[in-house]
Amino acid sequence: MKYTLADIAERFQCKLAGDPSQTIEGVHTLEQAGPGQLSFLANPKYKSQLASTRAAAVVLHPEQRPESAGNWLLHENPYATYARIAALFAAPTDVAPGIHATAIIDPSAEIHPEASVGPYAVVGPEVRIARNCIIHAHCVIQRGCSLGDGCVLHPHVTLYAGTMLGQRVVIHANTVVGSDGFGYAPDDGRWVKIPQLGSVHIADDCEIGAGTTIDRGALDDTRIGEGCKLDNQIQIAHNVQIGKHTVMAGCSAISGSSTVGDHCQIGGGAGLAGHLHMTDHVIITGMTMVSHDIRKPGAYSSGISQQEARQWRKNVARLHHLDELARKVRALEKRLAELEPEDD
Amino acid sequence: MKYTLADIAERFQCKLAGDPSQTIEGVHTLEQAGPGQLSFLANPKYKSQLASTRAAAVVLHPEQRPESAGNWLLHENPYATYARIAALFAAPTDVAPGIHATAIIDPSAEIHPEASVGPYAVVGPEVRIARNCIIHAHCVIQRGCSLGDGCVLHPHVTLYAGTMLGQRVVIHANTVVGSDGFGYAPDDGRWVKIPQLGSVHIADDCEIGAGTTIDRGALDDTRIGEGCKLDNQIQIAHNVQIGKHTVMAGCSAISGSSTVGDHCQIGGGAGLAGHLHMTDHVIITGMTMVSHDIRKPGAYSSGISQQEARQWRKNVARLHHLDELARKVRALEKRLAELEPEDD
Amino acid sequence: MKYTLADIAERFQCKLAGDPSQTIEGVHTLEQAGPGQLSFLANPKYKSQLASTRAAAVVLHPEQRPESAGNWLLHENPYATYARIAALFAAPTDVAPGIHATAIIDPSAEIHPEASVGPYAVVGPEVRIARNCIIHAHCVIQRGCSLGDGCVLHPHVTLYAGTMLGQRVVIHANTVVGSDGFGYAPDDGRWVKIPQLGSVHIADDCEIGAGTTIDRGALDDTRIGEGCKLDNQIQIAHNVQIGKHTVMAGCSAISGSSTVGDHCQIGGGAGLAGHLHMTDHVIITGMTMVSHDIRKPGAYSSGISQQEARQWRKNVARLHHLDELARKVRALEKRLAELEPEDD
């Protein structure tokens, strides 16, 4: 596909400085873009690359526009604008329109004629798949699931019975939604399973990474709000409630019945304990353990950066006796006060 | 399905106080149960909800029974009793009895006529699938696996060759059992694979979550004891031995050749190093690293709760010099002792 | 299969001391090997087992050879030699030669006649599968992927479009390669997806565990160098570059755009932040967070070993005020200096 700069500027509401007839066939970084490719300047620290880039055009903030001649697409948010333009050049999906001959569709399922269902997909009773959905090969969608317009399930996704997806929800390969929550009652040294009778609701415009797992609720439903983005290898336990536009990086996890607000950012490998509440606009840095409520927006941490192992071992040995050390300091303070001349 | 309280009380050995003819059609929380639904009181802190609940009946401990009239199912362990009753209302599985026409079954496999095998399942040579097993769509069961009575494999489960499951083992979607352990011998800067020749044994009544991986042994077998419950995204390395009735929460992991006792509880995100031994009745709290043997029952931790990032950064900077700080305190103690008058 | 010691010694370049006609039918540990089985001594701490082992022969270092008679295969690297010998006794794969009748192969895919493709595999357009590849049941290989000679994909592997595998790459079950990287541009409180247009290259002789995820690059490619070994449940984010012969244990993760050198060892549960650089020959111990560059070879840590929970809670409480404690120590030092007689 080729687009002129005039066309791109109009579609994406940029101001164009330069040659409107220049054609664009792809995108790349400032450093690696070649003729016919569009690039972007989002982080001012790369501004010096504007002088040497071979990109045919660059999306940037009006304030970053250099004096020199060139093809500039000016926008207040150059990174998001680049993202939208780049989508023009993403490869189209390989799933053919319609239902593949090998897909097994229960007669009671309703599949929109403009949805695609790939080879070996299995769609259970009373499932509803709306317009423009793309179900890749080998997905399993159990009884009563509902997918809004434009959802995409990549290969090997499993949706357990009753999973509800809003519109334009994208789920990457080998992810599981709606598996049983982890609930057992102790009974004389054994564990009795608590049936997991709720389901999972994922709202519009969420994207869920690969190899992620989201459990169904025990009685209520697990819910993920509009516009959330979850990376790979994430674990969402039963009854969790996540607000809108919250993002979670890879390998993070939320334990059962916790609630997370809107516009939060949870770093990679971070873990939230169960039954806690985190308000809106909270940032959790990587590998942090959140074990109690967070009621004030801001950034929270408990991850520890690396140190040479030999030194770290010494520090950890001290950490294991830190309470004792603090008591010693307190004792020193007292002993010292006794020696010091009194103020008067 | 509908059941009378008389029927439920008899089946689950509760003492019934109230109307034996009251029918129950479902379960819910005290707060949300409606007419025809049964609820439970397990945590005394919710006792006040008994006054306002609309539940048709409540399972509770005899000592928690309120003065007021109502339908009470009395049992010493109300939570486990609720769990057992609730199972009556769990949706039945969607896999039709018998072997789906698209399942590929090796002629040497033995599948009990009362087992179910779903669409596109692949069952290898010499596999044995016992009575009442349910194999969901897309499972792959390789050569020589054995599944005892009543096992359930959810979609996309992979059992590598030789995996042995006891009775009533449940494995959730996209979980892998029997993959090669992580074993390599260094050889001149390269890694030579150690063939992984053992297998995996999972005993009766275990449940394994979604997206979990359990590796086969290198020479001996990896073993998980009776009644263990493993959550999602767990990693069990080769040669691990887990005792009976141990539970592991999401994203926890056990490294190679470690042994874990009976009745242990391993918190979410916790990790056990390899070649260590943990005795019975040990509780590991969330995100703890277990790096040496635990020979005494009790609770162990090394997770750190979150703090405002600005403050945490200062504390970590100090932690990286904690050994030095402890030495300073020691030096202060000595210097101070020299100043202090001697006891005599 | 049976092999004589003479045959094994010749194939694997060992010096044989003992009976060349002794036959070997399998391998096991020194403790558990029986007649006809070969064992090995790699760790000198097990040397005492040589006296009691029933193994028919033992691979060991010439310096470890006992005085007593026996069948010894002598090699400078007994562990790697054992590994190579043991491969003789690994079970052959169950995938029949050729393409299974139920595999769906795009007409434009090129599959070598000596490759095997299992049931229900789906192979997209312009895919190239070279000689001796084994594609197990249910793998999905999307458009334009390339697999070099001798690759093995275990069941339920997903390769997104454009994934490039070198020769002899092994990928375990339910692993995903080439899923979209986690990239979004903020735009007025929402997240706009950055199209992920790069791909993934995995070089010769890599092995990737089960349930692992490796994301495609945003613009450049994600690259894993020759001979790397990745365990289960690992997350590799977009644009990551890993050098040669690096190993990563289970549940470890590398965030976007970070580069890792050759011959590194990353422990279980460790996490690398994004946009950082780690040089060659670095060892990261388990559950360490790497948050800044490592330019010097050696071992690095930030994991903390477990402690009894009661004591740990006290220490963490102090850790949350460690900066304050360090200030107190500084103040004590000053106050004490004022009391101390001056040197002259």
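Q: Axes are lines fitted to C-alpha atoms, for helices over the stretch in contact, and angles run from 0 to 180 degrees between N-to-C directions. Why are α3(B) and α4(C) called oblique to each other?

A: The two axes come within 7 Å and cross at roughly 55°. Angles under 35 degrees count as roughly parallel, over 145 as roughly antiparallel, 65 to 115 as roughly perpendicular, and the rest as oblique. α3(B) and α4(C) are therefore oblique. This is a predicted model, in which local features need pLDDT of at least 70 and side-chain atom pairs count only at pLDDT 80 or more, while totals for chains, interfaces and linings use all residues. Residues are numbered from 1 along each chain as its sequence is written, and chains are lettered from A and ligands numbered from 1 in the order in which they are written.

Q: Which residues of α3(B) meet α4(C)?

A: B:Lys314, B:Asn315, B:Arg318 and B:Leu319 meet C:Leu322, C:Asp323 and C:Ala326. Ala, Val, Leu, Ile, Met, Phe, Trp, Tyr, Cys and Pro count as nonpolar, Asp, Glu, Lys and Arg as charged, and the others, Gly among them, as polar.

Q: How many residues does the contact take from chain B and from chain A?

A: Chain B gives 62 residues and chain A gives 64, a contact being two residues whose C-beta atoms, placed from the backbone, lie within 7 Å. On the side of chain B that touches chain A, α4(B) gives the most, with 8 residues. That side divides into 30 nonpolar, 23 polar and 9 charged residues.

Q: How many residues of chain C are in contact with chain A?

A: 65 residues of chain C contact 62 residues of chain A. α4(C) supplies the largest share of the chain C side, 7 residues. The classes on that side are 31 nonpolar, 24 polar and 10 charged.

Q: How do you know that strand β39 of chain A pairs with β40(B)?

A: Pairing requires that DSSP find at least two bridges between the strands. Between β39 of chain A (residues 298–301) and β40(B) there are 2 bridges, and the strands run antiparallel. The bridge partner of A:Ser301 is B:Gln307.

Q: What joins strand β40 of chain A to β39(C)?

A: Again 2 bridges, between antiparallel strands, with β40 of chain A covering residues 307–308. A:Glu308 stands opposite C:Tyr300 in β39(C).

Q: How far apart do the C-alpha centres of domain 1 and domain 3 of chain A lie?

A: The centres lie 57 Å apart. Domain 1 covers 3–89, domain 2 98–300 and domain 3 309–338, with bounds from an automatic or database domain assignment.

Notes:
Helices (H or I, at least four residues) and strands (E, at least two) are DSSP runs, numbered from the N terminus.
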